[in-house]
Amino acid sequence: MSDYNTTDFTNPSTFILLGIPGLEAAHIWISIPFCAMYTIAILGNFTILFIVKRESSLQGPMYYFLCMLAITDLVLATSILPKTLSIFWFNSREINFNACLIQLYFLHCFSVLESGIFVAMAFDRYVAICCPLRYSTILTNPVVAKIGLAVVLRGGMLVMPHPFLARRWPYCRTNIILHSYCEHMAVVKLACADIRISNYYSLFVIFSVTGLDVLFITVSYIQILRAIFSLPTKGARLKTFATCGSHLCVILAFYIPGLFSFLMYRFGHNVPLHFHILMANMYLLVPPMLNPVIYGVRTKQIRNRLLRLFAHKGT
């Protein structure tokens with residue numbers, strides 16, 4: 001294990017992740033809910049993928065986007081949790097410089113992907129409710145594939161400069177990262193150089209992605225709500241709104257912790273560091289855990305297939 005010091009050196013081959021500074025004595029206890037959330041995320045998202053693949057009646061645009069969300073959640077949670085748990089359980093704090101940049105890329109790339117998938121799902125609900133007679137002609141399989149490809153390319157290309165910029169900076173102060181994973185700003189702040197380019201580009205990505213995505217989702221749901229309230233009966237309104245309830249829940253579960261974490265990181269200078277890092281971990285763990293639970297409980301088709309699967313195994 002490398003000596004955890006802060007003496008001068010040039011471009012370290014490894015970084016040291018401290019986990020949650022200030023709560024080292026509680027790492028074992030913190031690992032219990034972290035491990036539980038990760039287990040639920042893995043089992044839940046694989047269950048969603050299994051059910052959609054098994055049931056031909058669920059192989060439509062909405063469920064294709066749901067599968068994309070499940071895969072994204074699996075990658076997002078797996079990009080940080082195994083290393084974080086190894087810190088908590090085995091005090092394995094070292095991470096190779098290149099591995100750190102790969103982790104940085106994956107967690108930021110798939111966060112952008114998740115936001116893009118929510119936009120695609122909002123568009124799907126907009127077409128289904130506002131243009132129901134044209135749904136099958138608008139959202140054909142080739143169109144869904146093109147939307148998915150656009151979401152992946154956007155995430156991959158927007159985040160690509162992060163590791164390249166991080167790699168070019170000289171690191172000559174310390175190799176200790178005050179975090180449980182290689183978060184972009186936590187890494188580049190260690191550089192002994194002017195990192196304003198990284199700062200500005202990071203803000204550009206955050207505001208362009210989140211701002212545009214939230215705007216598109218908001219406009220979509222305004223149109224959806226107008227269409228719902230124009231329906232003639234209360235029963236029809238409730239039934240139609242129920243089809244959007246799951247999507248709204250997972251959107252809130254993703255954006256609200258993310259917004260809170262961002263505002264706290266930028267402006268919460270008096271907030272303890274360990275609280276910052278706990279919130280950053282919650283932002284990457286809670287949505288992958290909640291998404292399959294919400295869709296499994298609130299989506300009638302998935303819930304019925306899941307109950308049928310358990311009933312079949314019980315006989």
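These legends describe close-up views of a predicted model.

**View 1. Confidence across the predicted model.** Mean pLDDT for the protein is 87. Of its residues, 94% reach 70 or more. Among the elements, helix α5 (residues 141-159) has the highest mean pLDDT, 96. Helix α11 (residues 300-314) has the lowest, 73.

**View 2. The stretch of residues 1-8.** Here the pLDDT is below 50. Beyond near neighbours in sequence, residues 1-8 still have 20 contacts in the model. Where pLDDT is low, predicted coordinates should not be read in detail.

**View 3. Serine 79 in helix α2.** Helix α2 covers residues 61-90 and holds serine 79. Serine 79 counts as buried because its relative accessibility is 15%, under the 20% cut-off. Leaving out residues up to four places away in sequence, serine 79 touches Gln103, Phe106 and Leu107.

**View 4. Packing of helices α3 and α8.** Helix α3 spans residues 97-130, and helix α8 spans residues 196-229. Their axes lie 9 Å apart, at an angle of about 20°. The angle is under 35 degrees, so α3 is roughly parallel to α8. The crossing of α3 and α8 is left-handed.

**View 5. Residues at the contact of α3 with α8.** The α3 side includes Val112, Phe118, Val119, Phe123, Arg125 and Ile129. The α8 side includes Val205, Val209, Asp213, Phe216, Ile217 and Ile224. By class, the residues of this contact divide into 16 nonpolar, four polar and two charged.

Technical notes:
Residues numbered from 1 in each chain as written. Predicted model: local features only at pLDDT ≥ 70, side-chain atom pairs only at ≥ 80, totals over all residues. Heavy atoms only, no water. Helix = DSSP H or I, 4+ residues; strand = E, 2+ residues; numbered from the N terminus. Buried < 20%, exposed > 50% of the residue type's maximum accessible area, 1.4 Å probe, protein only. Contact = heavy atoms within 4.5 Å. Axes fitted to C-alpha atoms, helices over the stretch in contact; angles between N-to-C directions. Parallel < 35°, antiparallel > 145°, perpendicular 65-115°, else oblique. Left-handed = near helix turned anticlockwise from the far one by under 90°. Nonpolar A, V, L, I, M, F, W, Y, C, P; charged D, E, K, R; others polar. pLDDT = per-residue confidence, 0-100.
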